[in-house]
Amino acid sequence: MKILCTICARGGSKGVKNKNIKKFLGKPLICHTISQAKKVKKFSKIVCSSDSKKILDIAKKNKVDYLILRPKFLSNDRVSKVKAIRHCLIKSENFFKTKFDFIVDLDVTAPLRAN
């Protein structure tokens with residue numbers, strides 16, 4: 001069974017500016033989600049989608065399997081997350097040349113998860 005883990009992190013935020021890269025417990029917020037994703041050994045691949053090069057640079061340093069620069073038309077606050085996840089799936093299946101059986105999306109803004 002192939003499971004794709006998506007981490008979708010927009011650069012723009014109306015409430016808290018740059019929230020996905022703000023430090024939380026000494027690390028950028030997105031690092032906590034990447035770390036948790038890596039602990040789940042059932043994920044076949046972990047991918048990060050963002051319209052922000054800063055976010056993608058952090059994801060690259062944290063060694064996710066694939067970085068996706070999200071197009072502008074999928075990067076505003078009126079676009080549903082499902083559309084961003086679908087874009088991740090299509091790009092990932094093309095990149096890895098495989099079909100995934102399941103997708104698990106981890107929210108960056110929920111860093112405190114039980115192990």
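In which loop is Val79 found? In this predicted model, Val79 lies in the loop between strand 5 and helix 3 (81-96). Apart from its neighbours within four places in sequence, Val79 is in contact with Phe73 and Leu74. The C-alpha atoms of Val79 and Gly15 are separated by 16 Å, and the two residues are 64 residues apart along the chain.

Strand 5 (residues 66-69) pairs with strand 4 in the parallel sense, over 4 bridges. Within this pairing, Leu67 of strand 5 is the bridge partner of Cys48.

The buried residues are Leu29, Ile30, Cys31, His32, Thr33, Ile34, Gln36 and Ala37. The elements that cover them include strand 1 (3-8), strand 2 (23-24), strand 3 (27-28), strand 4 (45-50) and helix 2 (53-61).

Most residues other than glycine have a negative phi. Leu25, which is not a glycine, has a positive phi of about 55 degrees. Leu25 is located in the loop between strand 2 and strand 3. Its relative accessibility is 67%, above the 50% cut-off, and Leu25 therefore counts as exposed. A positive phi, near 60 degrees, is also found for Lys63, again a residue other than glycine. Lys63 is placed in the loop between helix 2 and strand 5. With a relative accessible area of 63%, Lys63 is exposed.

The largest pocket has a volume of about 310 Å³. Its lining consists of 18 residues, of which Cys8, Ala9, Arg10, Asn20 and Lys81 are the closest to the centre of the pocket. By residue class, the lining of the largest pocket divides into 6 nonpolar, 6 polar and 6 charged residues.

Methods:
Residues are numbered from 1 along each chain as its sequence is written. This is a predicted model: local features need pLDDT of at least 70, side-chain atom pairs count only at pLDDT 80 or more; totals for chains, interfaces and linings use all residues. Side-chain values use heavy atoms; hydrogens and water are left out. On a 1 Å grid over the protein atoms alone, a cavity is a set of points where a 1.4 Å probe fits but cannot get out, and a pocket is an open set with protein on both sides within 12 Å along at least five of seven lines; lining residues have an atom within 4 Å of a point. Grid points are joined across faces, edges and corners, and a volume is the space filled by probe spheres set on the points. Ala, Val, Leu, Ile, Met, Phe, Trp, Tyr, Cys and Pro count as nonpolar, Asp, Glu, Lys and Arg as charged, and the others, Gly among them, as polar. Buried means under 20% relative accessible area, exposed over 50%, partly exposed in between (1.4 Å probe, protein chains only). Helices (H or I, at least four residues) and strands (E, at least two) are DSSP runs, numbered from the N terminus. Contact means heavy atoms within 4.5 Å. Two strands pair if DSSP finds at least two bridges between them.
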